[in-house]
Amino acid sequence: MRDAAPDAGPQIFSLDVGADFAAAVAGRLGLAPGRHEERTFEDGEHKVRPLEPVRGRDVYVVQGLHGEPAMTGDSKLVRLLFFVGALKQADAARVTVVSPYLAFLRKDQQTKPRDPVTTRHLAAILEAVGTDAVMTMEAHNVAAFQNAFRCRTEHLHARGPLAVHAAALVGDRPAAVVSPDPGGMKRAELFRQRLERLLDREVTKGICDKHRSGGVVSGDLFAGDVDGRDVVVIDDMIATGTTLARAAEACRRAGARRVYAFATHGLFIGGSPAVLDGAAVDRVVVTNAVPPFRVPGGRHDRLDVIDVAPLVAEAIRRRHEGGSIVDLLDS
């Protein structure tokens, strides 16, 4: 790898789809996104290239890989791979893929015969085109994400801004934090500790049981102290909303006063009526790591969207300057 130009700051690029979030990140750094060409040919093939010099520069491609009407996640990934390859071919010193939502991470182990481990395959193809580092937010399984890559990884979480919002919603009422499944216990506990520090009083905990096989979710056990409390049910993502809705209903049966569904990534597949329309959930809170474009306009009155562009921008600044991202996330 070439040494980065000593007096040059970071360069921010993105694809056309996703440019708004990248522009917000670049703006927080006092930069304008780098110009690029993205051209689609008549037969559906395409090319993408930077339109300004990147030789010796520290380059960050800010690109979520969630599917959306304008482009599928698969298409975004292919274009991202070609763009990273073009940047390395143009002699960029270092290319970091910054993907707030990094797709294909949910399948991180074999649970059925001949299952693909797509997390590992994703790592292999990103590294193959010359990616020097990958930064993402709230991976489904942090250990699997970190272990799949040989290049450097940076794992961000929105625990800080989400906990601040939760504290404002709870106010001076008794509070609890609940994990909607056993796999999210560590995430929920870290969030509970953060909220407890902000509120400066006890925050109790709870957990729901869940089993998923063939797309069918089952499991009705609940344990925890939520009676008379405002409850934050926290997960990494909302897909259909079924998991969070089931957890909210369990909390209501256990005596919860209010229930808030929190997640970093709001995919809202099918409009997620289970969580947005269900009586068990009072408010849904997500970040703009994935814009809530699938949520019908009539349901936005129950939805809060937390801006994480400042967090991503500061992580990029610290990586470029050699600062501590761990201290950023713990602050």
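**Close-up views of a predicted model**

View 1. With a relative accessibility of 0%, I316 counts as buried, because buried means under 20% relative accessible area. The structure shown in this and the following views is a predicted model. I316 lies in helix α9, and when its neighbours within four places in sequence are left aside, I316 is in contact with I12, V25, L29, Y60, V62, V98 and M135. As a further point of reference, I234 stands 82 residues from I316 along the chain, and the C-alpha atoms of these two residues are separated by 26 Å.

**View 2. The packing of helix α1 against helix α9.** Helix α1, which covers residues 19-28, packs against helix α9, which covers residues 309-321, at an angle of about 60°, and their axes are 8 Å apart. The two helices α1 and α9 are therefore oblique to each other, and their crossing is right-handed. On the α1 side the contact is formed by F21, A24, V25 and R28, which meet A309, P310, V312, A313 and I316 of α9. Sorted by class, this contact of α1 with α9 has eight nonpolar residues, one charged residue and no polar residues.

**View 3. The packing of helix α5 against helix α6.** Helix α5 (residues 159-170) and helix α6 (residues 185-199) cross at roughly 55°, with axes that come within 9 Å. As a consequence of this angle, α5 and α6 are oblique to each other, and the crossing of α5 and α6 is right-handed. From α5, the residues R159, G160, L162, A163, V164, A166, A167 and V170 meet L190, F191, R194, L195, L198 and L199 in α6. By class, the contact of α5 with α6 comprises 11 nonpolar, one polar and two charged residues.

**View 4. The chain as the setting for the close-ups.** The secondary structure of the chain consists of 10 helices and 16 strands. The radius of gyration of the chain is 21 Å, close to the 20 Å that the globule rule gives for 331 residues, so the chain is as compact as a globular protein of that length. Taken along the principal axes, the box filled by the C-alpha atoms of the chain is roughly 60 × 45 × 40 Å. Of the 331 residues in the chain, 52% are buried, and among contacts between residues at least 6 apart in sequence, 67% join residues at least 24 apart.

Notes. Residues are numbered from 1 along each chain as its sequence is written. This is a predicted model: local features need pLDDT of at least 70, side-chain atom pairs count only at pLDDT 80 or more; totals for chains, interfaces and linings use all residues. Side-chain values use heavy atoms; hydrogens and water are left out. Axes are lines fitted to C-alpha atoms, for helices over the stretch in contact, and angles run from 0 to 180 degrees between N-to-C directions. Helices (H or I, at least four residues) and strands (E, at least two) are DSSP runs, numbered from the N terminus. Angles under 35 degrees count as roughly parallel, over 145 as roughly antiparallel, 65 to 115 as roughly perpendicular and the rest as oblique. A crossing is left-handed if the near helix is turned anticlockwise from the far one by less than a right angle, and right-handed if clockwise. Contact means heavy atoms within 4.5 Å. Ala, Val, Leu, Ile, Met, Phe, Trp, Tyr, Cys and Pro count as nonpolar, Asp, Glu, Lys and Arg as charged, and the others, Gly among them, as polar. The radius of gyration is taken over C-alpha atoms; the globule rule is 2.2 Å times the number of residues to the power 0.38. Buried means under 20% relative accessible area, exposed over 50%, partly exposed in between (1.4 Å probe, protein chains only).
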